[in-house]
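Below are some notes for a colleague who is opening this entry for the first time.

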Amino acid sequence: MGIFLEYTVNAVQTGLLLFIISSGLTLSFGLMRVINMAHGSFYMVGAFLGLQIALISGSFLLGLAGAAIGSALTGLLAEKVLFQRIYARGPFAQVLVSFGLIFVFDELVRILWGGEIRSMPRPTLLSDSFEFAGAHLEAYRLFLIAFGGVLSGLLLWSLVRTPFGMMVRAAVDDRESAELLGMDVRRLFSFVFLLGSGVAGMAGFVAIPLVNAFPGMGDEVLISALVVVVMGGLGSVLGSLVASMLIGLALTLGQIFVAGYAPVAMYLVLAIVLLVSPNGLLGKAE
Amino acid sequence: MNVTRFQIPHRMVAISAIVMSSLTAHAAEDLRIGTVLSFSQVMGIYGNAIMDGMRLAVEEAGGQVAGRKIVFVSEDDKNDPKVALQLVRRLVKDEKVDFLVGPVGSHIVQAIREDVHRSKTFLLVANAGNDEVTRELCSPYIIRTSFSNWQWNYPLGEYAGSTGKRAAVVASNFVAGKQMAAAFRAGFESKGGKVVEEVWPAMGTADFSNVFTGLRAKESELDIVWSFIPGSGTVNYVNQYAQAKLKPINMGPQSNADDYFFGAMQDNAVGVIGSGHYVVSMDTPRNRAFVASFQKKYRRMPAAVDVQGYDSARIIIEAVKKLNGQLSDKKAVRQAMLDVNVDSPRGYFKIDPSNGNVIQNIYITKVVKKVGGYSHEILRTLEKVKDPDQSCKLEW
């Protein structure tokens with residue numbers, strides 16, 4: 001029983017972290033059909049900025065805030081300077097430019113912070129672990145679940161309930177009509193990009209105590225995030241959530257039963273989902 | 001927009017100037033060292049370290065040997081055997097390098113072995129510990145300056161057998177993980193130990209929580225958890241092992257709690273038992289001098305991988321010096337590389353003429369916390385460890 005609970009905690013935590021990383025990618029993909037390969041870089045930028053602020057201030061919360069604001073602004077800057085110029089140019093230009101951006105960010109981080117792997121201890125309040133129902137539970141992983149849960153809830157709620165969310169959904173569903181109705185989709189998109197980068201940056205920061213920060217850390221999560229976006233259905237945030245949880249579960253099951261090939265579990269689930277539903281879990285046919 | 005159009009011809013001129021200068025430089029008989037190393041992803045840190053070590057040796061030699069300027073042709077093999085193979089082909093055919101240095105990964109050296117052998121270009125293996133490359137797949141053109149997977153882990157297994165009886169092995173699921181685990185098991189079982197659990201996480205695994213959950217279920221049966229997780233993953237492994245508060249001794253090659261990672265591991269590394277061929281704290285005049293000049297150049301402490309790069313370049317430099325820059329007689333080149341005194345910071349260093357693998361001391365170590373940082377304390381020294389395997393048949 002204890003071991004089952006531990007595995008469940010691991011799976012849920014992996015899934016939720018994956019969701020907050022990929023939610024921004026889902027929205028930008030769904031909204032503007034823009035393929036942003038550099039999304040993982042915002043995850044990395046958030047991690048490094050947050051780490052620096054946390055080290056200076058000694059405060060985890062300040063670090064988290066710094067990660068969110070810093071990566072959001074970096075995302076906004078990239079959108080205004082680069083992406084706005086390539087929306088009309090189709091997927092090839094977008095992939096090339098954003099792929100190039102990965103190298104720019106990796107190298108910038110290397111110049112600013114050096115190439116070594118950096119870590120951060122868990123905040124004192126969350127550094128404990130305890131026994132519960134025969135399971136060994138780490139407070140920090142439970143915090144990640146709570147953090148991911150609240151953030152996901154807020155995101156879904158704001159998409160369903162707020163005027164902003166309604167505009168986003170309208171624009172994802174039918175961009176032309178939304179524009180005809182007088183919505184400024186470009187500005188809306190800038191805001192979504194800012195939000196998505198900020199959330200990814202927070203994910204990067206809270207992930208440091210588990211997987212550390214190093215130049216190139218974003219490349220590792222990019223692939224999983226792309227899988228989530230495709231599996232969930234382009235533009236569907238709820239679909240991404242379901243997809244992330246499925247992948248978390250698949251990776252955990254994979255690590256238990258076929259550890260050496262666990263990453264394959266992710267693609268296996270993707271393949272099955274796409275065979276059954278070619279538009280992803282909750283995506284609409286184009 | 002017009003500005004960009006005007007700039008293009010200038011850039012083209014600049015690029016062609018660079019191309020021309022590199023072409024003319026080639027004509028002047030430089031000593032060209034091609035590297036097949038990983039500079040990115042999980043193994044990136046090792047590729048950069050090997051380059052740092054080599055550059056220091058070249059600098060100490062005044063940038064040249066026997067009148068030939070030393071130049072590196074280095075590119076990223078991306079830890080991918082296919083990329084590495086193409087890189088080797090290009091380096092020997094188009095770039096016409098005199099020596100190859102690399103690779104980092106055991107799976108890479110296996111992939112390029114055949115092409116290296118056929119190209120008759122000498123390869124100095126500066127990291128990859130793949131046992132087979134100095135056993136059944138050995139070649140007179142391959143010399144290893146680093147270590148073999150057996151060399152680290154068999155002695156560690158023997159040591160482990162004297163401290164505990166039941167162990168789990170956790171290793172990245174690729175050729176080095178398999179070989180190291182097998183060598184550890186052989187040494188451990190020779191002293192009456194028993195491996196009761198095996199886990200093979202995929203290469204690139206970042207979160208080991210499920211591995212530790214699985215181990216916890218068997219915790220009461222275990223004295224030791226031996227592991228080998230290369231690259232950035234090992235930091236996560238060691239940190240998460242400590243945070244999971246597992247009781248068995250955390251043990252593995254010294255690269256697990258490598259000097260590079262102390263900053264990121266902090267107290268989590270304390271107590272980790274390792275096995276390796278170089279400890280930066282070794283108090284010999286040669287090592288003190290090496291550490292001082294390394295620190296002066298790079299403003300960081302060297303570690304084993306830096307020494308591997310350094311010694312690889314040192315063998316090349318000393319051999320070329322001995323041959324007065326004449327490298328056409330391949331047998332003479334190999335003999336020179338076997339004969340030269342490298343004066344390695346690690347201490348005893350000799351290339352085994354029968355298989356090309358390095359003979360060296362192996363140190364069993366434990367990470368301790370000291371004023372100003374962490375270091376590997378030597379628990380046991382095994383002198384002049386030589387791979388006893390006899391399956392190498394050198395064929396030119």
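1. Two residues are taken to be in contact if their C-beta atoms, placed from the backbone, lie within 7 Å. The model is a predicted one. On that cut-off, chain A brings 28 residues to the contact and chain B brings 29 residues.

2. Which elements give two or more residues to the side of chain A that touches chain B? They are α1 (2–32), β2 (135–138), α8 (185–211), α10 (237–257) and α11 (262–276) of chain A. The largest share of this side, five residues, is that of α1(A). Sorted by class, the side of chain A that touches chain B holds 12 nonpolar, 11 polar and five charged residues.

3. Helix α1(A) meets helix α7 (residues 209–216) of chain B: their axes come within 10 Å and cross at roughly 175°. Angles over 145 degrees count as roughly antiparallel, and α1(A) and α7(B) are therefore roughly antiparallel to each other. From α1(A), the residues that make the contact are Ile3(A), Glu6(A), Tyr7(A) and Asn10(A). From α7(B), they are Ser209(B), Asn210(B) and Thr213(B). The residues of this contact of α1(A) with α7(B) comprise two nonpolar, four polar and one charged.

4. Strand β2(A), one of the elements listed for the side of chain A that touches chain B, is joined by four bridges to strand β1 (residues 129–132) of chain A, and the two run antiparallel. Ser129(A) has Glu138(A) in β2(A) as its bridge partner. Two residues lie between the strands of this hairpin, in which Ala133(A) takes a positive phi near 50°.

5. Which side chains of β2(A) point to the buried face? Those of His136(A) and Glu138(A) point to one face, and both residues are buried.

6. In chain B, strand β3 (residues 68–76) pairs with strand β1 (residues 31–37) in the parallel sense, over seven bridges. Within this pairing, Val73(B) of β3(B) stands opposite Gly34(B).

7. Strand β3(B) is also joined to strand β2 (residues 64–65) of chain B, by two bridges and in an antiparallel run. Here Gln64(B) has Lys69(B) in β3(B) as its bridge partner. The hairpin of β2(B) and β3(B) has two residues between the strands, and Ala66(B) takes a positive phi near 45° in it.

Methods. Residues are numbered from 1 along each chain as its sequence is written. Chains are lettered from A and ligands numbered from 1 in the order in which they are written. This is a predicted model: local features need pLDDT of at least 70, side-chain atom pairs count only at pLDDT 80 or more; totals for chains, interfaces and linings use all residues. Ala, Val, Leu, Ile, Met, Phe, Trp, Tyr, Cys and Pro count as nonpolar, Asp, Glu, Lys and Arg as charged, and the others, Gly among them, as polar. Two strands pair if DSSP finds at least two bridges between them. A residue is buried if 20 or more other C-beta atoms lie within 10 Å of its own, exposed if 12 or fewer, and partly exposed in between; C-beta atoms are placed from the backbone. Axes are lines fitted to C-alpha atoms, for helices over the stretch in contact, and angles run from 0 to 180 degrees between N-to-C directions. Angles under 35 degrees count as roughly parallel, over 145 as roughly antiparallel, 65 to 115 as roughly perpendicular and the rest as oblique.
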